[in-house]
Amino acid sequence: MERSLATATPAPGASVETTTRDRSIDNLKVFLVIGVIVGHTTMAWTGMGTWVFDEPMVREPLLTVLSLLALFGGLFAMATFFFIAGMYTAPSLARKGVRKFLIDRAIRLGVPMLFFIILLSPVIEYADPDAAGWDRGFWAFTLHIWWPPAPGPTWFLGVLLVFSIVYALIRSVRPIRDAPRSPLRLWHLAIAALIVALSSYLVRLSIPLGTEVWRLALGQAPAWIVGFTLGVLGGEQGWYNPIPGRITGVVRRGAWLGFTALLVIGLMADNLEPYGGGGTWESMLAAAVEGIIVVAMPLWLLDLFRRKFDRQGPLGMKMSRAAFGAFVIHQLALVGLVLASHYTGWAPEVEYLLVSGLGVAVSFLIGWWLTRLPGVSRVV
């Protein structure tokens with residue numbers, strides 16, 4: 001999610017200098033960034049996951065609807081970001097070579113992450129109610145919060161940088177050979193889903209969903225790795241240009257199957273904790289459903305946006321240009337809006353809707369402003 005959320009590249013994590021834009025991918029990245037912003041707001045008013053604030057929860061039936069949507073989105077959103085990034089990683093490396101590729105990645109991924117850690121995270125963490133007992137002043141708190149660093153949503157940039165380095169090293173040792181490309185097969189996707197399911201189940205024996213290690217939700221790491229790998233292999237093999245028709249039908253049905261299964265689990269389970277890990281049969285079922293969702297949703301969204309959302313007006317172009325900046329800055333914008341909502345005294349549902357809407361608008365406005373700043377615009 002580097003320049004792809006900024007200027008000439010069409011996908012998170014890419015840095016493809018080209019005059020031809022894939023507007024469908026631009027629209028998809030805007031959709032995903034909006035989902036991240038609204039998702040974090042939803043966490044605050046539903047108690048799902050861990051975010052800066054825990055606000056008075058919205059009431060039923062909205063609480064159940066939002067909780068299920070947040071759960072579903074949380075399973076595939078970041079895997080989709082990694083998938084799209086992977087799609088454009090292979091051609092970027094092939095065009096630039098290892099040295100230039102790694103320098104470019106270090107700048108476009110590392111600099112925004114450092115910006116967040118050094119300048120934004122102290123403010124955000126200071127506003128966290130958990131820091132209410134701190135009495136040594138803001139500067140001392142800043143030094144305290146710098147280590148271990150709190151990357152917030154920019155953890156994605158750091159993990160993507162690691163993935164990019166590993167991929168570049170692999171291809172420097174084992175270059176892509178000039179051999180006939182193999183087409184995408186259903187068994188490729190079946191193996192990918194199986195890997196996600198088995199590895200997620202095993203990882204969550206010790207790191208359940210919702211548990212953070214080094215400030216990362218490592219219980220979902222298998223989905224990130226498989227998403228990136230599918231993107232890279234597709235970029236190398238040309239699997240998604242276009243996606244074969246028989247594949248699109250399968251992934252569409254798989255996406256709906258996964259959502260339906262998650263809906264049944266969410267509505268019927270009295271306690272979701274056993275589904276998060278620990279070697280239970282529930283966690284095995286949840287991992288199997290996640291495997292389907294992680295593989296099916298990115299491909300279905302890619303196909304859907306290419307068929308239905310491949311055009312942009314002036315507003316869409318500006319939003320796609322501002323999306324990367326909005327992603328980096330949105331947590332600060334949301335914290336300010338949530339604090340402001342404390343003075344309204346309005347119903348939780350009203351506060352949630354206002355903060356969600358304004359959070360998207362403010363984040364993208366700031367993101368657009370960042371693209372107008374000399375120097376900064378080269379990074380975002």
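Helices here are DSSP runs of H or I with at least four residues, and strands are runs of E with at least two, numbered from the N terminus.

**Ground rules**

I'm working from a predicted model, where local features need pLDDT of at least 70, side-chain atom pairs count only at pLDDT 80 or more, and totals for chains, interfaces and linings use all residues. Residues count from 1 along each chain as its sequence is written, and side-chain values use heavy atoms, with hydrogens and water left out.

**Confidence**

I checked pLDDT (the predictor's confidence in each residue, from 0 to 100) before anything else. The protein chain has a mean of 91, and 94% of its residues reach 70 or more. Residues 1-19 stay under 50, though the model has 85 contacts beyond four places in sequence for them; contact means heavy atoms within 4.5 Å. Where pLDDT is low, the predicted coordinates should not be read in detail.

I searched the whole structure and got 8 salt bridges, each being a side-chain nitrogen of Lys or Arg within 4 Å of a carboxyl oxygen of Asp or Glu. Side chains of opposite charge can pair when their charged atoms come close.

Which residues are linked in a network of salt bridges? Arg23, Asp26 and Lys29 are. Asp26 pairs with Arg23, with the closest N and O atoms 3.6 Å apart, and with Lys29 at 3.2 Å, N to O. Lys29 and Asp26 are about one helical turn from each other because they sit 3 residues apart in helix α1. Asp26 and Arg23 are also 3 residues apart in α1, which covers residues 23-46. An α-helix has 3.6 residues a turn, so residues three or four places apart point the same way.

Next I looked up exposure, where buried is under 20% relative accessible area, exposed is over 50%, and partly exposed is in between (1.4 Å probe, protein chains only). Asp26 is buried at 0%, Lys29 is buried too, and Arg23 is partly exposed at 25%.

**Salt bridge, Glu349 to Arg59**

I then followed the Glu349–Arg59 bridge, which comes in at 2.7 Å, N to O. This one links distant parts of the chain: Glu349 is in helix α10 (residues 348-371), Arg59 is in the loop between α1 and α2, and 290 residues separate them. Is Glu349 buried or exposed? Glu349 is buried, with a relative accessible area of 15%. Arg59 is exposed at 51%.

**Helix α2, Ser67**

Ser67 lies in helix α2, residues 62-127. Ser67 is buried at 15% relative accessible area. What does its side chain reach? I found the backbone oxygen of Leu63, at 2.7 Å. Setting aside neighbours within four places in sequence, Ser67 touches Thr46 and Met48.

Ile118 is in helix α2 and is partly exposed at 42%.

**Helix α3**

Last stop was α3, residues 138-146, where the buried residues are Ala140, Phe141, Thr142 and Ile145. Their cover includes α2.

Technical notes
A polar contact is a pair of N or O atoms within 3.5 Å; within protein, one must be able to donate a hydrogen and the other to accept it, and residues adjacent in sequence count only if both atoms are side-chain atoms.
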